[in-house]
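Here is a friendly walk through this complex, for a reader who likes to check backbone geometry against the coordinates. Have the viewer open as you read.

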Amino acid sequence: MSQRANTWEPVIGMEIHVQLNTVTKMFCRCENRFGAEPNTLTCPLCLGHPGVLPVINQGAVEKAIEIGLALGCTIAERSVFHRKNYFYPDSPKAYQISQYDEPICVDGHLDVGGARIGITRAHLEEDAAKLVHSGGEAGRIGGAEYSLVDFNRCGTPLVEIVTEPDLRSPEQAVAFLALLKNTLQTVGVSDCDMEKGSLRCDANVSVRPAGSSEFGVKTELKNMNSFKFLGDGMAAEIRRQIDLLERGEPVVQETLHYDPGSKMLRSLRSKEEAHDYRYFPEPDLVPLAPSRELIDRLRAGLPELPAARTARFAESYGLPAQYAADLNAEPRVADYFESVAAAADAKSAADWVLNTRPSPVDEVPAGRLAELIALISAGTITSTIAKQVYELMLADGETPPAQLVEQHGLASIGDSAQLEAMVDEVIEANPAFVEQFRSGKEGVINALVGQVMKQTKGRADARQVQELLRSKL
Amino acid sequence: MTVVDTLGLTAERCAQLLGAREISCRELVEAYLERIDAHDPDLHCFLRTRPEAALAEADALDAAGPKGLQGVPIALKDILCVRGEETTAGSRILAGHRPLYDAGAVTRCRDAGLIALGKTNMDEFAMGSSTEHSAFGPTRNPWDHELVPGGSSGGSAAAVAAGFAPLALGTDTGGSIRQPAALCGVVGLKPTYGAVSRHGLIAFGSSLDQIGPFSLTVRDAALALQVIAGHDPCDSTSVPLPEPVSVPDAEDMRGVTIGIPTDLLAIEGVEDGVRASFEETIGEAERLGASIREITLPTARHALPAYYLIAPAEASANLARFDGVRYGLRLEEPGDTVVDMYGRTRSQGFGDEVKRRIMLGTYVLSAGYYDAYYGTAQRVRTLLLREFADAFSGVDLIATPASPTVAFPIGERIDDPWAMYACDLFTVPVNLTGLPGISLPSGLSDGLPVGFQLIGPAFSENRILAAAHALEQAIGFDPVPTGYRVGG
């Protein structure tokens, strides 16, 4: 595989659908909310009744522009909605109002791990209804006894983000999606919950001989609803394509569905079966022409984005690059870190936030964690003891850590007389180790340190204990 | 015996009688309903009336004392949604459909106190020029029951001519108000695209459809336009009028320049009688002080083919929602898949003309054909817009016949789509450019009404109405069909 990976280069482009968290739907005033009783958030418009006309949701347009700005796109002075025609029970009008050759955002990028991934476009459209298929093969319309339609989702504002074929590995694609998700969450346009379908992802995958500048035949992987399935699905498809090509067989352009259960790819339709969507400009809507003032106002209102925040974390907190990136995997983690770092040592804060399980982000108020770190920095407790205090904090969120230390007698033995007495005691009790140390086996000092630490129940600084031992021996 | 003869009764006169309490709203509505009961079985203007609702609305207005147009009856083309009341667009596929909401124009009529008497017959989904394409049988022309009333708003036009309602609303996508108005000898106004909300108008060609009034007089058309025009937040393509609609009282046409597109008029198929009436009317305009100028609109002769690409294209998408899943007709056999059900429902739910246009529209939007057909048609539209703009830099209004022919026999063109489409020769350029146009009766040819069309720049309804009113006074056309005249 490693040899083949050197021979073949994967080329990946992605299409990401993001449900916008607007109050109402894209073209009607129905509430835009997940999880309501089926078919309760509907009206004649989103049910496609005769005579209804769409009216563009200003909030959705603003969020689409914010996405464009966050991705460094040009916001089109004029963009146009089109009708995308297809018959399917999830589409009550039998067409989706989408954007086609004049999208609202074009020509942007997102930098991930030092690579610049081009954003071809980001356009506004409406989501389809949700179908639930019963009987037959689980969850598929083929062979289903009947299908149920929930129109609550129908008309939810969507932004479709299309990348250039700039991604070169499943890992890079996953990292890209993670950063994109974080960016969208930071901008505040979507909850990006992949389980609920508010972030959905298709990937166009092809392989080519390494060094080639031509593209191979691509396949489209549909609807991979977790980072893991996305990575696994792409890896499986890349392996499949390489196998085909190495056997001298062609890759056929088709749409595939990755089944994470069987880890198999299944063909949904081939190019010959591809729809002719008969796009034409939506005559019920006038073109979008956002004013310069609106775009400027939205740009000024953008929060600090994850890419910039990562750089700032490394710069102003002096964190390693990987720490800065990991802290910015999710905005709430980065926010939490900054709260802790405001009142405690930043490097320690990053350590605690990233490496403690269960994560303090969900468990402990940032101020309390800062207090705990301050206790370590002040030498009041040792790092070892701090873990114990943290356990206590998990059980008792109310009591400040300093008080927990006192209640449980966990303060470091700062009194050197007391510590010296313990050291003397250990030297006394372990003549064999002492003998070995003096004969040059310096390693045994660790055993002696361990003895002392055991005596102090971890409340002493191991380095201080070792220094004391050395001076005594 | 009724207290008032509704034949030839204008909306303005109705309002006067009601305002002076010479007649109650109930009496007026009853008079119209009685006339409908007596004579509509011959004509089939109405698909259904709503006597209980209309009388209840009349009683409520009588109790409060009617003002303005309150209490004046109106007929509604069955393409306009009325909450809770069957609305079919003349199609079997929507038989029994009861909308959940009122169309914007219907709401405005209600707010103005107009009383809807019922829903009028039409070509299915407004596709046709004779009302023969209604799934529920044709409407007959009040001037001669063997002839068509024109279409697609034939029921509304014939209802006004027959004294079944002083006002009616129709829709005009390629001439569906002006052509039946011409064939039935009444006034029909197609407002500027965007002047009247399309919300609740069951869409045919969304970029072309516009609601407008039928009436016996130009002043009545202005009164009706006052009611229905204006911005509706539910229709993004509707706009506020740049100036309020005024009821015309001009007696002359001094200072008005009328352009005559000689190249368009030279096209074959214009009947001699129509030509003669048109020239007579132009002479009348000159006598009223208008100056006449010959112009050319070279692209206008391409308007018809462009229209029959754009309108079907939009229709193919607009009519795709009628799939049997959520409302209307659903035809299903045991073992049908959802695709089988779609096919069965749509094959039997739509009439031949509708299916012809869906196929046409689907074809012209298909990959590989889009630019050649739809793209070219849209470019024709742009050229046409420029040509009209150029023309209006030199003239105030443009005049043509509204229809190349007078009413034709039922059955004559039903199997000849191209002959039927040719009815729209003079009307489609107006829809493609979004301009306002009016048809007013200019006289008779062989005993049948001829329509005269005036076209103006966008939102020049007041100019059109003023000129049309002056001409109407000079022509002195009697809109009561000869067969219905006392002693006739």
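In chain B of this predicted model, B:Ser439 stands opposite B:Gln453, a residue of strand 11. The two strands concerned, strand 10 and strand 11 of chain B, run antiparallel and are joined by eight bridges. How many of the residues of strand 11 of chain B are buried? Eight of its eight residues are, so the strand is mostly covered.

Where does the chain turn between strand 10 and strand 11 of chain B? The hairpin has two residues between the strands, and B:Asp446 takes a positive phi near 50° there. B:Asp446 sits in the loop between strand 10 (437–445) and strand 11 (448–455) of chain B. Is B:Asp446 buried or exposed? With 8 other C-beta atoms within 10 Å, B:Asp446 is exposed.

A:Asp107 belongs to strand 5 (residues 105–112) of chain A. A:Asp107 counts as partly exposed because it has 15 C-beta neighbours inside 10 Å.

Two cis peptide bonds also deserve a look. One joins A:Arg357 and A:Pro358, with omega about -10°, and A:Pro358 lies in the loop between helix 9 (346–355) and helix 10 (360–363) of chain A. The other joins B:Gly151 and B:Ser152, with omega about 10°. B:Ser152 is placed in the loop between strand 3 (115–120) and helix 5 (154–161) of chain B.

| Site | Backbone angle |
|---|---|
| A:Arg357 and A:Pro358 | omega about -10° |
| B:Gly151 and B:Ser152 | omega about 10° |
| B:Asp446 | phi near 50° |

Now for the sheets of chain A. Nine strands of this chain form an open sheet with mixed pairing, in the order 2-5-6-9-1-10-11-12-13. Strand 2 (74–75) and strand 13 (264–270) of chain A are at the edges, and each has a single partner strand, so one side of each is left without a neighbour in the sheet. Helix 2 (residues 58–70) of chain A packs on this sheet, touching strand 2, strand 5, strand 6 (115–126) and strand 9 of chain A. The direction of helix 2 makes about 170° with that of strand 6 of chain A. Helix 4 (residues 227–246) of chain A lies across strand 1, strand 10 (199–209), strand 11 (219–222), strand 12 (254–259) and strand 13 of chain A, and runs at about 25° to strand 10 of chain A. Within the sheet, strand 1 (residues 8–19) and strand 9 (residues 157–163) of chain A run antiparallel and are joined by five bridges. The bridge partner of A:Glu15 in strand 9 of chain A is A:Val162.

Another open sheet of chain A has three strands in the order 4-3-14, with antiparallel pairing. Which strands stand at its edges? Strand 4 (95–99) and strand 14 (280–281) of chain A do; each has a single partner strand, so one side of each is left without a neighbour in the sheet. Two bridges join strand 3 (residues 81–85) of chain A to strand 14 of chain A, and A:His82 stands opposite A:Pro281.

Stepping back to the whole chain, chain A has 17 helices and 14 strands. Its C-alpha trace spans about 95 × 55 × 50 Å along the principal axes. The radius of gyration of chain A is 30 Å, whereas a compact globule of 473 residues would have one near 23 Å. Of those 473 residues, 42% count as buried. Among contacts in chain A between residues at least 6 apart in sequence, 67% join residues at least 24 apart.

Finally, the two chains meet through 24 residues of chain A and 35 residues of chain B. The side of chain A that touches chain B comprises 15 nonpolar, four polar and five charged residues. As for confidence, the predictor gives the complex an ipTM of 0.95 and a pTM of 0.89. Chain B has a mean pLDDT of 96, with 99% of its residues at 70 or more.

Conventions: Residues numbered from 1 in each chain as written. Chains lettered and ligands numbered in written order. Predicted model: local features only at pLDDT ≥ 70, side-chain atom pairs only at ≥ 80, totals over all residues. pLDDT = per-residue confidence, 0-100. Helix = DSSP H or I, 4+ residues; strand = E, 2+ residues; numbered from the N terminus. Buried ≥ 20, exposed ≤ 12 C-beta atoms within 10 Å, placed from the backbone. Rg over C-alpha atoms; globule rule 2.2 N^0.38 Å. Contact = placed C-beta atoms within 7 Å. Nonpolar A, V, L, I, M, F, W, Y, C, P; charged D, E, K, R; others polar. Pairing = 2+ DSSP bridges. Axes fitted to C-alpha atoms, helices over the stretch in contact; angles between N-to-C directions.
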